[in-house]
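Okay, thanks for coming, everyone.

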Amino acid sequence: MNKEQSSVLKAWEATMRKTQAAKKRANSIFGITSMANVAQNDVEDDDTDKNVSTSGEAYFAEKILSNGDYYTGQWQDNFPDGQGKYLWTDGCMYIGEWHKGKTMGRGRFTWPSGASYEGEFKTGYMDGTGMYIGANGDTYKGNWVMNLKHGHGMMQYSNGDLFDGEWRRGLQEGHGKYQWKNKNYYVGEWKNGVIFGKGTFVWNNGNKYDGFWEDGLPKGNGTYQWPDGSFYVGNWNKDPDEQNGTFYPSESSSAADHEWDPTTVYNDLANNKVCHGERVSIMPSQKRLAMWYSTKGGDRPRRLSVDGRASVGVERPLDKTSLWENDGDHTSLRDLDYELYDDTNPKFNLGLPLKVPKLGKRQGETISKGHRNYELMLNLQLGIRHSVGRPAPATGFDLKASAFDPKEKIWTRFPPEGSKYTPPHQSCEFRWKDYCPVVFRTLRKLFKVDPADYMISICGNDALRELSSPGKSGSFFYLTNDDRYMIKTMKKSETKVFLRMLSAYYNHCRSFENTLVIKYYGLHSVKLTGPAQKKVRFIIMGNLLRSDITIHRRFDLKGSSLGRITDKAESEIDNITILKDLDLNFIFKLQKSWFQEFCWQIDRDCEFLEQERTMDYSLLVGLHFREISPNGELIPCERRSLSGNSQNDSAHQLPRTDMDQLLLDPKRWASIKLGTNIPARVERTIRKPELELQLVGERTGECYEVIMFFGIIDILQDYDITKKLEHAYKSIQYDPTSISAVDPKQYSRRFRDFIFKVFAEDT
């Protein structure tokens with residue numbers, strides 16, 4: 001190392017020592033450290049930076065950032081790109097491959113505790129094959145998916161135990177062998193990190209149990225054997241009253257052996273606990289890079305985490321220091337003209353408390369025998385059962401172009417008496433068509449949909465439910481009994497649009513795992529034979545607001561104002577009412593990491609929809625309020641001032657116990673992702689009745705804790721001649737910017753501008 005490099009490292013070490021003594025940074029929901037705001041002139045560059053290229057070529061750089069972080073390695077377009085080393089002030093360090101600011105490829109990540117991971121990275125996550133050595137000596141070597149052990153791997157615990165087998169989401173699941181330090185071992189099935197299913201336990205003295213297990217203990221049929229040939233066969237249960245079986249002695253066994261008590265096995269197993277290993281304090285993907293300015297983005301900052309999440313500097317026509325100004329004034333509440341208020345509507349009256357909406361009846365009418373669409377439902381269920389259950393060769397995710405050809409479809413005839421390929425049924429004869437079956441089978445695989453669960457949801461014993469009235473488009477909607485899937489009838493024009501954009505849709509969903517665009521699982525049609533010759537096309541999609549918790553408020557947001565208000569009185573609104581833009585009386589506040597990822601993903605999704613020339617889509621948002629009083633009023637968090645300063649910062653964070661549970665429980669962690677089950681807050685806004693088309697109300701500082709669900713729906717409307725005529729006609733009567741039917745580019749820009757006004761970072 002030369003003298004200049006040595007001085008750089010010494011300067012970095014001094015900065016790190018000072019930073020370590022400073023106040024600990026507040027963690028986000030996943031413990032992500034705060035990001036420094038580092039302008040280009042705040043970065044102390046070594047002389048090696050004199051080789052900076054203005055043509056976008058990579059060069060070697062050494063940088064000490066003002067927050068104390070240190071980077072040395074290949075640099076391109078203001079991002080680490082190539083081989084490089086990044087040291088955080090808390091002592092974490094990454095050495096390895098980078099790609100446009102993301103850890104990508106092979107690398108080594110070390111923690112201050114002494115723990116280390118060496119292996120493959122994908123967009124910041126430990127993903128691929130790699131070896132983790134914990135601070136306590138635990139060593140795992142095998143497959144990883146998004147920071148979790150997933151696939152085959154071997155774990156050598158510091159206490160001498162060893163596991164070699166299958167993992168799923170960080171826990172043993174599938175087949176595996178666990179050997180204790182005392183040489184006892186188990187070979188068999190696992191589930192959620194415990195012995196579960198069929199397996200064999202062998203003691204170091206030669207005794208052996210072979211049978212069924214549940215929650216780490218023998219339960220069900222099993223056989224216990226001794227080295228001398230004696231064995232006990234029976235039904236095993238920890239409850240002695242449920243335990244029963246027969247002892248079969250060998251010729252050499254003694255009379256005392258005949259009095260053997262099976263409960264001793266449970267006592268022996270109590271001394272053979274499965275080790276769960278140490279928990280990682282912070283994942284590599286949770287580490288933040290300092291912020292620097294991009295040469296491509298002018299003065300707009302780019303904030304990056306190691307997993308590459310970035311806020312891309314969205315265009316906003318508002319002052320950056322006051323995002324919520326509507327007319328040039330600062331966001332202070334002006335005197336309200338109460339004479340103009342509708343005193344019964346809390347949307348206009350700050351004096352009224354917000355109440356949880358009444359619970360509506362379960363959505364939809366069950367399609368039973370005698371219903372006008374009963375036969376159509378039977379045909380649909382028969383067709384899907386046939387499509388999903390049809391044998392097909394295994395395919396990877398790299399599909400041939402021919403798979404996306406609109407002519408790629410399979411017709412199947414369903415006579416009532418059945419055929420070689422179809423079962424007999426009680427409906428009339430019909431023909432069933434699968435559009436691009438290989439593509440949708442692969443999409444279901446990509447979305448991790450189990451074929452058996454998919455068939456049971458749609459084709460099980462429970463009937464579908466038809467929503468009470470068709471949508472504005474004239475389409476009918478059907479829900480599965482478990483609310484997991486929604487089926488929508490399609491116009492021919494919509495079917496053509498979707499088939500045209502199917503390849504781009506597939507590639508987009510494959511490229512962006514956290515896309516907010518609605519998930520589609522199948523495209524089919526039913527054609528009735530006979531004089532009617534009726535043909536019904538329909539698409540199967542995920543229900544974005546399906547949840548085990550109650551969704552109290554639902555909003556369909558487009559960013560337009562004309563006609564974007566519900567026609568129901570406040571007293572008639574229930575929890576299944578879909579509210580619109582002019583009904584919105586909240587600002588949605590996401591914690592920092594989620595907000596950055598949300599902004600980035602909205603940009604990617606809108607770019608995709610704009611490229612495909614579609615419009616009229618919307619963001620569907622569902623809210624579950626966490627705190628409700630016995631009389632039905634929403635309980636606000638501690639009131640905070642409009643300037644954003646809190647009287648008690650801790651009151652606005654998730655409880656530490658909740659954060660720990662989210663961080664350390666893989667099952668809870670897996671249930672929370674962008675658009676699903678996100679803990680957040682909403683800030684109440686007040687609208688002025690005289691401002692009829694005011695899209696965003698004035699902020700009040702009154703916040704509520706919520707669980708949020710959101711996603712982009714209705715993406716199949718092409719900007720065709722009908723929409724162009726609608727735009728021309730309505731533009732004569734109304735403000736052209738207020739109507740929904742506009743050019744896809746203008747629609748995308750307006751949609752994003754609005755969404756970035758009603759979503760904010762929770763500081």
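So, cysteine 703: its closest cysteine sulfur belongs to cysteine 637 and sits 5.9 Å away, which is too far for a bond. The cut-off here is a pair of cysteine sulfur atoms within 2.5 Å. As a reminder, a disulfide is a covalent bond between the sulfur atoms of two cysteines. How many disulfides does this rule give? The count is 0.

Before I go on, a word on what you're looking at: this is a predicted model, where local features need pLDDT of at least 70 and side-chain atom pairs count only at pLDDT 80 or more, while totals for chains, interfaces and linings use all residues. Residues are numbered from 1 along each chain as its sequence is written, and side-chain values use heavy atoms, with hydrogens and water left out.

Back to cysteine 703. Is that residue buried or exposed? Buried, because its relative accessible area is 0%. Cysteine 436 is also counted as buried, at 1% relative accessibility. When I say buried I mean under 20% relative accessible area, exposed is over 50%, and partly exposed is in between, with a 1.4 Å probe and protein chains only.

Next, salt bridges. I'm counting a side-chain nitrogen of Lys or Arg within 4 Å of a carboxyl oxygen of Asp or Glu. The structure has 24 of them, and I've picked a few to show you.

Let's take aspartate 616 and lysine 558, whose side chains meet in a salt bridge at 3.0 Å, N to O. Aspartate 616 is in the loop between strand 32 (614-615) and strand 33, and lysine 558 is in the loop between strand 29 (553-557) and strand 30 (578-579), so this pair ties together parts that are 58 residues apart in sequence. Helices (H or I, at least four residues) and strands (E, at least two) are DSSP runs, by the way, numbered from the N terminus.

Now a bridge inside a helix. Arginine 604 pairs with glutamate 607, with the closest N and O atoms 2.7 Å apart. Why is the spacing about one helical turn? Because the two residues are 3 apart in helix 7 (residues 592-611). Arginine 604 counts as buried at 14% relative accessibility, whereas glutamate 607 is partly exposed at 36%. There's a network too: Asp556, Arg564 and Asp581 are joined by salt bridges that share partners.

One more pair, glutamate 214 and lysine 219, bridged at 3.5 Å, N to O. Here glutamate 214 is partly exposed at 33%, and lysine 219 is partly exposed at 39%.

What about charges without a bridge? On the surface, Lys407, Lys409, Arg431, Lys492, Lys496 and Lys535 gather in a patch of positive charge. Patch members have over 30% relative accessible area and no salt bridge, with like charges joined within 9 Å, and nonpolar side chains (Val, Leu, Ile, Met, Phe, Trp, Tyr) within 5 Å. Lysine 409, one of the patch residues, is in strand 22 (residues 409-414) and counts as partly exposed at 36% relative accessibility.

Asparagine 192 isn't a glycine, but has a positive phi of about 50°. You'll find asparagine 192 in the loop between strand 13 (185-191) and strand 14 (194-202), partly exposed at 39%. Lysine 448 is another non-glycine with positive phi, near 60°. That lysine is in the loop between helix 4 (437-446) and helix 5 (451-459), and at 63% relative accessibility lysine 448 counts as exposed.

Glycine 622 is in strand 33 (residues 618-625), and buried, with a relative accessible area of 0%. Where does phenylalanine 710 sit relative to glycine 622? The two are 88 residues apart in sequence and 6.2 Å apart in space, C-alpha to C-alpha. Glycine 130 is in strand 8 (residues 125-133) and is buried at 9%. Glycine 130 and glycine 153 are 23 residues apart in sequence, with 9.5 Å between their C-alpha atoms.

Key: Areas by Shrake-Rupley, 256 points an atom, 1.4 Å probe, with all protein chains shown as cover. Lys, Arg positive; Asp, Glu negative; His and termini not counted. Charge placed at Lys NZ, Arg CZ, Asp CG, Glu CD.
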